[in-house]
Amino acid sequence: MKKKTQITFLNPEESVFSYSQLSSFKTCKEQYKIVYLDGQRKKDESIEAFMGKCVHSTLEWLYQKENMCKPYITFDKICKIYDDIWQDNWHNKIFIVDHNLLSNHFYAIGKRCLSNYYHKYGPIFDQRVYATELKLNFNINGKYHFRGIIDRLDQPEKGCWVIHDYKSGKRAMTQNMAKQDLQLAMYQIAVEQNFAPVKKISLTWHFLRNNDEMTITHTPDEIQKFKNKLSKKVKKIIKSSENIENFYPKESILCNWCYLWDECSSKFTLNPAKKAY
């Protein structure tokens, strides 16, 4: 029998929301409840997520101050850093959904992502990087509070900012998808509030596996629409939190990648995913 836990009601003045939190509520309300209301956290993760983290960590290393002062960095050095990160962070709670693939397959994809990036920007990485893995908080009308972590923030000149986001997944966005993307719009709001006055902000996605990029800008009216959207999403979550019955599971193909299979009230068989070795 699944273990029932006591729900925790949200106080909008005290809660801080993230993009992952909003995405989880949209994907599956029971997943949201288990993680963000019951506070159940697990080390389990998919091999795709693990690979993505290793690629992100390698690119974060690449833009450390001491590396940006070097005349050049070899791709062999980047591969060595990637290997070390992969080995040092490997654990026994990494799972693979496609039984026809091995962990080496995803390791190779990660290295290809780095190769694509290196041949586009290396061997001298002299971009005007302000920070990597930058944590920022912001609010909407002083009422709803949010947090985010920006992969990389550049400052080409005073008052001008470029928000970079690294993607290691299969699919690249279209321009229309990028214009509708909530995650980087949230980051733009955060930069505007934390680094005012701001003259210009652009958003750049690096689709590393596809060796492709997308850069867009938002008008003030478009950003205001995103702010309105964020307010509506938070109001919906707070309203739902008034009744535990609102947090029902939503089954889909995404369930196979969910590390909360054992906690889900709709699952009564073993997770088809297997441990990655």
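Start by selecting E263 and K42 in this predicted model: the two form a salt bridge, with their closest N and O atoms 3.3 Å apart. Zoom out and you will see that the pair links distant parts of the chain, 221 residues apart. E263 sits in the loop between helix 9 and strand 9, while K42 belongs to the loop between helix 2 (29-37) and strand 2 (45-46). E263 is partly exposed at 25% relative accessible area, and K42 is partly exposed at 28%.

Next, select K179 and E222, another salt bridge, with a closest N to O distance of 3.0 Å. Here helix 7 (residues 175-180) supplies K179 and helix 9 supplies E222, 43 residues apart.

Now pick K267 and E251, whose closest N and O atoms are 2.9 Å apart in a salt bridge. Both residues lie in the loop between helix 9 and strand 9, so the pair ties together parts 16 residues apart in sequence. K267 is buried, at 11% relative accessibility, whereas E251 is exposed, at 51%. The model has 12 salt bridges in total.

Stay in that loop for I253. Together with L254 and W257, I253 forms a nonpolar surface patch of about 320 Å² accessible area.

Finish at R209, in the loop between strand 7 (200-207) and strand 8 (212-216).

Note on methods:
Residues are numbered from 1 along each chain as its sequence is written. This is a predicted model: local features need pLDDT of at least 70, side-chain atom pairs count only at pLDDT 80 or more; totals for chains, interfaces and linings use all residues. Side-chain values use heavy atoms; hydrogens and water are left out. Helices (H or I, at least four residues) and strands (E, at least two) are DSSP runs, numbered from the N terminus. Patches are made of residues with over 30% relative accessible area and no salt bridge: like charges are joined within 9 Å, nonpolar side chains (Val, Leu, Ile, Met, Phe, Trp, Tyr) within 5 Å. Accessible areas come from the Shrake-Rupley method with a 1.4 Å probe; for residues, only the protein chains shown count as cover. A salt bridge is a side-chain nitrogen of Lys or Arg within 4 Å of a carboxyl oxygen of Asp or Glu. Buried means under 20% relative accessible area, exposed over 50%, partly exposed in between (1.4 Å probe, protein chains only).
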